[in-house]
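Student: I have a new structure to look at, and I'd like to know what the words used for it rest on. Can we go through it together?

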Amino acid sequence: MSHTIQMPANDRVAIDLGDDGVAQVRLTRGDKMNALDPEMFARIIEAGHVLGKMKGLRAVVLSGEGRAFCAGLDTSSFGRSPDPDEPALTERTYGNANKFQQVAMQWRKLPVPVIAAVHGVCFGGGLQIASGADIRIAHSQTRMAIMEMKWGLVPDMAGYALWRGLVRDDVLRELVYTNREFSGEEAQALGLVTHVDADPHARATAIATEIANRNPQAIRAAKRLHAAMVDRDTDAILVEESIEQHSVMRTKNQIEAVMAGMQNRAPKFEDI
């Protein structure tokens, strides 16, 4: 069972929350290969706000309808006059990010794991959005590229922040400088994709469902630790591990995880 979360009417993003706490978030501009126009940016960020306040959320599956996950920036936007009211790119309008970075960074900022199911085409900004997920599942023949250099631009939708630890520095430089296309299969070998699968959405949902059956407090704590691991030194990480462990030990959900395992049954966790 699932129910659609009410968002202001739009033809860009849909959210369905299952009874198991897994939210299916779909980019629904399939006729345009989910390309990123101004409305798409706004609706994706809006979806992030909805998810951040959602009760009972345990995991997110992020996917695109139609022939593509996301083909990147809608090229029709190139000819538009700049909006005089648009903040400068250097302004931090979403915490540590601007609007264009937030559509990718927000998946890392969500308290629960996000699994991206990537198929068809995943170019430019689409790849940066997918990179914001905790885990990426792609079809082996998915077409992928860090596309910005083709247009004389640099990746600026949080890619450089999100690719740290995923792909070797010299490999990333080659992909950025040349904007060459590569497959989902190669992306896995390079570190940009976690798994390849003939049915990325089914695999992503299976992983999300498995996560949803783990102690939700411990899952959220683990995601916070992964975020801390990127920037903090060893001493700070060791302290954070102890703080997070102390926060979950002997709680009702932690005890339920133990009892369910010992009794070989499905756990019944309290929502966060």
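Tutor: Ala198 sits in the loop between β10 (195–196) and α7 (200–212). Helices (H or I, at least four residues) and strands (E, at least two) are DSSP runs, numbered from the N terminus. One caution: this is a predicted model, where local features need pLDDT of at least 70, side-chain atom pairs count only at pLDDT 80 or more, and totals for chains, interfaces and linings use all residues. Residues are numbered from 1 along each chain as its sequence is written, and side-chain values use heavy atoms, with hydrogens and water left out.

Student: Why is Ala198 called exposed?

Tutor: Ala198 has a relative accessible area of 71%. Exposed means over 50%, buried under 20%, and partly exposed in between (1.4 Å probe, protein chains only). Since 71% is over 50%, Ala198 counts as exposed.

Student: What makes Phe100 partly exposed?

Tutor: Phe100, found in helix α2, has a relative accessible area of 22%. That value lies between 20% and 50%, so Phe100 is partly exposed.

Student: Which residues is Phe100 in contact with, leaving aside its neighbours within four places in sequence?

Tutor: They are Phe41, Glu86, Leu89 and Met157. Contact means heavy atoms within 4.5 Å.

Student: And Gln106, is that one buried or exposed?

Tutor: Gln106 is also found in helix α2. Its relative accessibility is 5%, under the 20% limit, so Gln106 counts as buried. Not counting residues up to four places away in sequence, Gln106 touches Ile44, Ile45 and Gly48.

Student: How do you know that α1 and α2 pack at an angle of about 35°?

Tutor: Axes are lines fitted to C-alpha atoms, for helices over the stretch in contact, and angles run from 0 to 180 degrees between N-to-C directions. For helix α1 (residues 38–52) and helix α2 (residues 99–109), that gives about 35°, with the axes 9 Å apart.

Student: Why is the way α1 passes α2 called a left-handed crossing?

Tutor: A crossing is left-handed if the near helix is turned anticlockwise from the far one by less than a right angle, and right-handed if clockwise. The crossing of α1 and α2 falls in the left-handed class. Among the residues that meet there are Phe41 and Leu51 in α1, and Val103 and Trp107 in α2.

Student: How many cavities of 30 Å³ or more does a search of the whole structure find?

Tutor: One. On a 1 Å grid over the protein atoms alone, a cavity is a set of points where a 1.4 Å probe fits but cannot get out, and a pocket is an open set with protein on both sides within 12 Å along at least five of seven lines; lining residues have an atom within 4 Å of a point. Grid points are joined across faces, edges and corners, and a volume is the space filled by probe spheres set on the points.

Student: Which element gives the largest share of the lining of the second largest pocket?

Tutor: That's α8, with eight residues. The pocket holds about 740 Å³ of space.
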